[in-house]
Amino acid sequence: MSLTRHCCRQSGLVLQRVGRSGTIRPKPFFLYRAESTAHKPQSQTTEAATNIHKIDPVKAPPPSTSSLASSSSSSSSSSSEKSPSSVSTNKTAPDTSYEKPILNFDQPFDSLWKEFTDALATNRTLLDQDYILLCGRIKRDLPGDAAVEHLQRTLRAVRDNNMDPRTFKRGCNMLVHVFCAMGDVKSARLVVDGMVRSNYRPDIVTVRTLIHGIRMQEVPSSSKVAAIIDLYENLAKQNMWIFSSEHYQVLLESFVAEGDIENSKRYYMTALRRAFTIDVSLFNVMINAYRQAREPDAALSVYKAMQKRDVQPNSATYHMLLSLLKTHGKPQQYQRIYRDLQKSDVRLNASHYEAMGVSPVEALKEMHKLGVKPAVRDYNTFFSIHIKNNEFQEAKDLFDTMLKDRIEPDRTSYSIVMDSVLKDIHSPVQSVFDLYQDMLDRKLKPDVVVYTTLIQACARENKIEQAFDILKDMEAHRVNPNEYTFNALLGLLARMENGNITENIHLGNMLWKKMSSLRVTPEIRSYNNYLALLSKAVQPVSSWEPKKAYGSTLYMEPSMTPETTSMIKLYYAMKRRLQPDFISYAIMINTLVHAGHLRAAMRIYEDSRIARTVLSVSVYNTIMIALEKARDYAPIMKIWHEMKEQHVQPDWTSYSLAMEACERLEMFKSLDIIRADQRKDWDRLMDLEERREDRMHHSSSFSS
């Protein structure tokens with residue numbers, strides 16, 4: 001082994017042999033991955049990067065001198081992408097904003113990638129715009145590991161072909177974004193550290209993306225704040241932090257979001273001491289911080305600092321101050337801010353009256369009195385206020401007033417009012433479709449919100465065919481459904497009591513695949529609706545055989561049907577991404593118990609207990625009834641005590657099961673205690689029974 005290779009190996013360097021001469025150089029920083037991937041699936045491969053900080057900078061395209069300059073003024077505080085850079089050859093860097101790409105970006109990704117690799121193999125000239133658009137397609141179209149690999153190969157091509165340094169930086173930013181989206185913040189940080197070592201100053205996109213990735217980690221807020229401060233101090237120490245209002249705004253926003261007001265104050269004061277121009281947005285972040293901390297006097301001090309620096313407040317400034325002062329009973333200061341608003345160039349709008357707690361009707365009168373003509377956006381805000389207060393008819397009446405005043409509603413107006421009509425149980429569903437038709441008559445194009453409201457209207461009357469016709473209409477008009485659209489459809493299928501279960505599950509499977517193809521991320525409600533739908537195909541057990549629920553690590557039993565297996569697999573998939581809620585556990589436990597899979601049900605119950613999720617008394621009863629049928633009485637008492645620890649109040653069934661278990665186990669002292677508790681709880685139990693009988697009576701009256 002050569003001395004060079006031996007020394008590099010000792011220091012942790014990863015070397016590459018390039019060319020026939022055997023020249024050795026460090027591996028480019030953008031090819032590294034962090035070693036720790038404990039939270040990611042095993043399928044995600046990583047390249048170990050021990051002692052990565054010792055590796056020399058990559059031979060990347062030379063950074064522009066403008067990107068290295070100290071940004072003490074507001075003009076230099078913007079991203080280096082906003083101003084042309086010069087390369088070391090003094091050649092003016094091309095303006096890539098309007099270049100027409102060489103590659104065909106209208107084709108599927110696989111074809112696009114083949115065209116790109118063929119172009120590299122044949123030394124075909126590509127433009128910076130080609131690389132930028134290709135990185136964007138990779139980020140959008142490919143899953144985590146594949147996106148990382150393709151971005152790394154693209155960045156290598158950018159470097160090898162000496163493209164514009166801004167293109168290289170934009171590609172690195174996209175790589176940082178992909179790592180953060182995967183939850184691999186360590187690898188994202190390695191990319192940023194590599195950019196710094198190679199004299200590429202991280203711009204606002206870099207900083208915002210990495211901080212967002214840090215905040216998305218499932219760690220305590222204090223750890224997130226510490227990581228953000230470490231990033232700031234590390235960049236500032238190497239003169240790589242851009243001292244601008246925009247950068248400090250991102251910093252303060254992250255502290256406020258984590259509830260760390262002290263660090264918000266600290267870095268706000270640091271920004272005030274700097275010589276750059278502070279934008280109104282940074283002051284607004286600090287006012288919002290004090291609003292969350294319920295410190296109106298401190299918020300007013302920020303307002304005074306704005307006035308001293310001749311920074312004009314905007315609409316958001318007045319909205320936050322009026323809301324804060326009104327809430328905390330500061331009438332004099334509140335009136336002063338309102339007078340300042342009237343004297344300013346900021347237009348009085350509905351949000352200000354909302355902040356002051358003025359009703360939409362009174363606000364409209366005040367606006368007319370002051371000579372302020374309400375705009376469509378004001379009406380939309382008033383609609384939302386009525387809906388928030390469950391004033392559905394008032395929202396519809398206001399919409400009629402809007403039309404009488406000859407103010408043309410926009411698509412948002414219709415979507416809000418349609419939602420209001422849908423939520424009003426006294427309004428016929430047909431009114432939603434009448435508004436939709438009126439919207440089309442005004443040549444307004446529906447968006448995903450409007451289509452989703454229509455599907456929810458169909459769901460209210462259990463019209464499956466009409467709901468799926470609307471989905472087809474969406475696709476015909478190239479409007480992609482979102483998670484709320486899919487939730488409405490899955491919920492409709494899950495609630496259907498009658499109909500073809502097999503056909504409904506087929507439709508549900510089709511929707512789930514469509515979600516995946518459109519890259520719509522399922523939320524907890526999506527999983528719950530899908531689980532509820534699949535549970536309809538699981539047949540209840542005809543007879544019980546005594547089985548021990550504990551003492552087995554089995555999750556799936558050999559006797560499980562394909563439908564039950566599908567539910568278990570879906571539950572696993574949900575657990576990898578999200579924390580199941582009490583509805584998830586209830587669906588799984590009830591279905592598995594009724595299907596006779598007591599061991600699997602108990603395993604799900606243990607998951608809920610570890611997650612400290614409080615279940616309903618009916619779920620506890622379901623498990624205890626199954627255990628009683630299985631003649632496994634000891635776990636009944638364990639569940640009884642766990643139910644009491646969670647402060648779940650037992651009903652008649654719970655008491656009966658617990659007392660029966662005590663008798664079987666000859667736990668007579670515990671039996672006396674439970675009987676005494678039941679006597680103390682008698683009035684509540686009788687009230688529960690009366691309400692249950694009332695519900696049954698109303699239900700039978702309604703059905704008849």
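Trainee: Cys-180 first. Buried or exposed?
Mentor: Buried. This is a predicted model, and in it Cys-180 has 11% relative accessibility. The cut-off for buried is under 20%, so Cys-180 counts as buried.
Trainee: And Cys-458, buried or exposed?
Mentor: Cys-458 is buried as well, with a relative accessible area of 1%.
Trainee: How many disulfides are there?
Mentor: Zero disulfides by the rule used here. That rule asks for two cysteine sulfur atoms within 2.5 Å.
Trainee: New topic, charge. Which residues form the positive surface patch?
Mentor: Lys-304, Lys-308, Arg-336, Arg-339 and Lys-343. Two elements give two or more residues to that patch: α13 (296-308) and α15 (331-343).
Trainee: Which one gives the most?
Mentor: α15, with three residues. Lys-343 lies in that helix.
Trainee: Is Lys-343 buried or exposed?
Mentor: Exposed. Its relative accessibility is 68%, and the cut-off for exposed is over 50%.
Trainee: Where is Arg-406 found?
Mentor: In the loop between α19 (392-404) and α20 (411-423). Arg-406 is exposed, at 79% relative accessibility.
Trainee: What about phi of Arg-478?
Mentor: Phi of Arg-478 is also near 60°, again positive in a residue that is not glycine.
Trainee: And where does Arg-478 sit?
Mentor: Arg-478 is in the loop between α23 (464-476) and α24 (483-495). At 79% relative accessibility, Arg-478 counts as exposed.

Key:
Residues are numbered from 1 along each chain as its sequence is written. This is a predicted model: local features need pLDDT of at least 70, side-chain atom pairs count only at pLDDT 80 or more; totals for chains, interfaces and linings use all residues. Side-chain values use heavy atoms; hydrogens and water are left out. Buried means under 20% relative accessible area, exposed over 50%, partly exposed in between (1.4 Å probe, protein chains only). Patches are made of residues with over 30% relative accessible area and no salt bridge: like charges are joined within 9 Å, nonpolar side chains (Val, Leu, Ile, Met, Phe, Trp, Tyr) within 5 Å. Accessible areas come from the Shrake-Rupley method with a 1.4 Å probe; for residues, only the protein chains shown count as cover. A salt bridge is a side-chain nitrogen of Lys or Arg within 4 Å of a carboxyl oxygen of Asp or Glu. Lys and Arg count as positive and Asp and Glu as negative; His and the chain ends are not counted. The place of a charge is taken as NZ of Lys, CZ of Arg, CG of Asp or CD of Glu. Helices (H or I, at least four residues) and strands (E, at least two) are DSSP runs, numbered from the N terminus.
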